[in-house]
Amino acid sequence: MPTLASDGPPSPWREPEHDDLADLARTFFTKDVLPHADRLLAQGHPDREHYRRAGELGLLGLSVPEEYGGGGGGFTHEAVMLHEQAYTGEGSLGLAVHSGIVTGYLVAYGSEEQKRRWLPGLCSGELVGAIAMTEPDGGSDLQAMRTRAIRDGDDYLVTGAKTFITNGGLADLIIVAVKTDPEQRAAGVSLLVCEVGGDPAGFRRGRLLSKIGLHANDTAELFFDEFRVSADNLLGGAEGLGFIQLMQQLPQERLVISVGAVAAMERAVELTVAYTKERTAFGKPLMGHQNTRMVLAECATRARVSRVFLDDCIVRHTRGDLDVATAAMAKWWLTDGQCEVIDRCLQLFGGYGYTTEYPIARMYADARVQKIYGGTNEIMKELIARAL
């Protein structure tokens, strides 16, 4: 199994401890989760037990300080774990959101009491985390959100709807973007941590959305009807900071998406090379035909260049200087490349590539949403253009 750097030179940020982590993560995904893949696909959501098992192994909250139950590492550790998940083809657990994003918000903006209250459960897998930004009629325009949080004594009353929420079906803890001042756009946005385990009064989960890919990962609608949340659950200690917090964290979210994109490209190339060496056509292996070799040469090159760009972004992020435009470049170019490489590889499988018994078919369906969530690729281009 390739390392994070695939067959090329090692990633400049990678240390021996990352290799040990990769072995642990790969074993977890292949031995604990993948044997249940067909059942998880049928039920449309992951098992809570797999979150708890990941927590037992120390695979959750890798960048959370140890005093809050985490691994005490950094983003590079999260990247290794997420790469192994994508490379093994495990698509049920929403770890990119749970561990790569939700814990990041709490570490960055949570009070000491909030961190001690929520992070240990997220790191152990006893709690499942989600973040709710997108609304049914809002899309990428976060400033125009309609979900309201009206102050009522020591609480907020939250009313509104969110959709396309990864982990929404299982989540116990949801960071919800709300308008605490409906008259303002960006300045009116705040982040509230909503504790929804047991589906309390005023909170309702809608249907699990039927998607063209990622069938084993729950994606849900959420509804709030004067849902009461303690004012102590406000992130950052003051109203109106939510949009700034979102903008500060979105580069990491887009980097998380980029890690999965590159892992998928590398996996697609490896699967296709193996298939074309075994499958014959016109009396010789597919790899013996010039078109096959040219296509795979181009895909392998795209994957290698993508890896180098991603590594550079990871290094910059660990230094704290990954800017919005570069993160947008990574998210756009790498997810676009993911879809292109997988599509070209699938073509070399012929009719078998269209059957779900071959992983390349599921990879094709799963890849498409990468160009949508985390900000559509059209929005990414707009962000890049603004920086020029």
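Visitor: How much space lies in the second largest pocket?

Guide: Happy to start there. Rolling a probe the size of a water molecule over the atoms shows where empty space is left. In this predicted model, the second largest pocket holds about 330 Å³ of space.

Visitor: Which residues lie nearest the centre of the second largest pocket?

Guide: F75, G104, Q249, Q252 and H317 do, out of 20 residues that line the pocket.

Visitor: Which elements give two or more residues to that lining, and which gives the largest share?

Guide: The elements with two or more lining residues are α4 (75–88), α5 (95–109), α7 (242–278) and α8 (290–319). The largest share comes from α5, with six residues.

Visitor: And how does the lining divide by class?

Guide: The lining of the second largest pocket has 12 polar, six nonpolar and two charged residues.

Visitor: Let's turn to helix packing. At what angle do the axes of α4 and α7 cross?

Guide: Here is the general idea: two packed helices are described by the angle between their axes and the distance between the axes. For α4 and α7, the axes cross at roughly 40° and come within 8 Å. That angle makes α4 oblique to α7. The crossing is right-handed.

Visitor: Which residues make the contact of α4 with α7?

Guide: On the α4 side you will find F75, A79, L82, H83, A86, Y87 and T88. From α7 come Q252, L255, V256, V259, G260, A263, E266, R267 and E270. By class, this contact has nine nonpolar, four polar and three charged residues.

Visitor: How are α9 and α10 placed, roughly parallel or roughly antiparallel?

Guide: The axes of α9 (residues 324–348) and α10 (residues 359–367) cross at roughly 150° and come within 9 Å. The two helices are therefore roughly antiparallel to each other. Their crossing is left-handed. In the contact, α9 supplies Q338, C339, I342, D343, C345 and L346, while α10 supplies I360, A361, M363, Y364 and A367. Sorted by class, the contact of α9 with α10 has nine nonpolar residues, one polar and one charged.

Visitor: What about α1 and α3: is their crossing left-handed or right-handed?

Guide: The crossing of α1 and α3 is right-handed. Helix α1 (residues 16–33) packs with helix α3 (residues 48–56) at an angle of about 150°, and their axes are 11 Å apart.

Visitor: Which residues meet there?

Guide: F28, D32 and V33 of α1 meet H50, R53 and A54 of α3. The residues of this contact divide into three nonpolar, two charged and one polar.

Key:
Residues numbered from 1 in each chain as written. Predicted model: local features only at pLDDT ≥ 70, side-chain atom pairs only at ≥ 80, totals over all residues. Heavy atoms only, no water. Axes fitted to C-alpha atoms, helices over the stretch in contact; angles between N-to-C directions. Helix = DSSP H or I, 4+ residues; strand = E, 2+ residues; numbered from the N terminus. Parallel < 35°, antiparallel > 145°, perpendicular 65-115°, else oblique. Left-handed = near helix turned anticlockwise from the far one by under 90°. Contact = heavy atoms within 4.5 Å. Nonpolar A, V, L, I, M, F, W, Y, C, P; charged D, E, K, R; others polar. 1 Å grid on protein atoms, 1.4 Å probe; cavity = no way out; pocket = protein on both sides within 12 Å on 5 of 7 lines; lining within 4 Å. Points joined across faces, edges and corners; volume = space filled by probe spheres on them.
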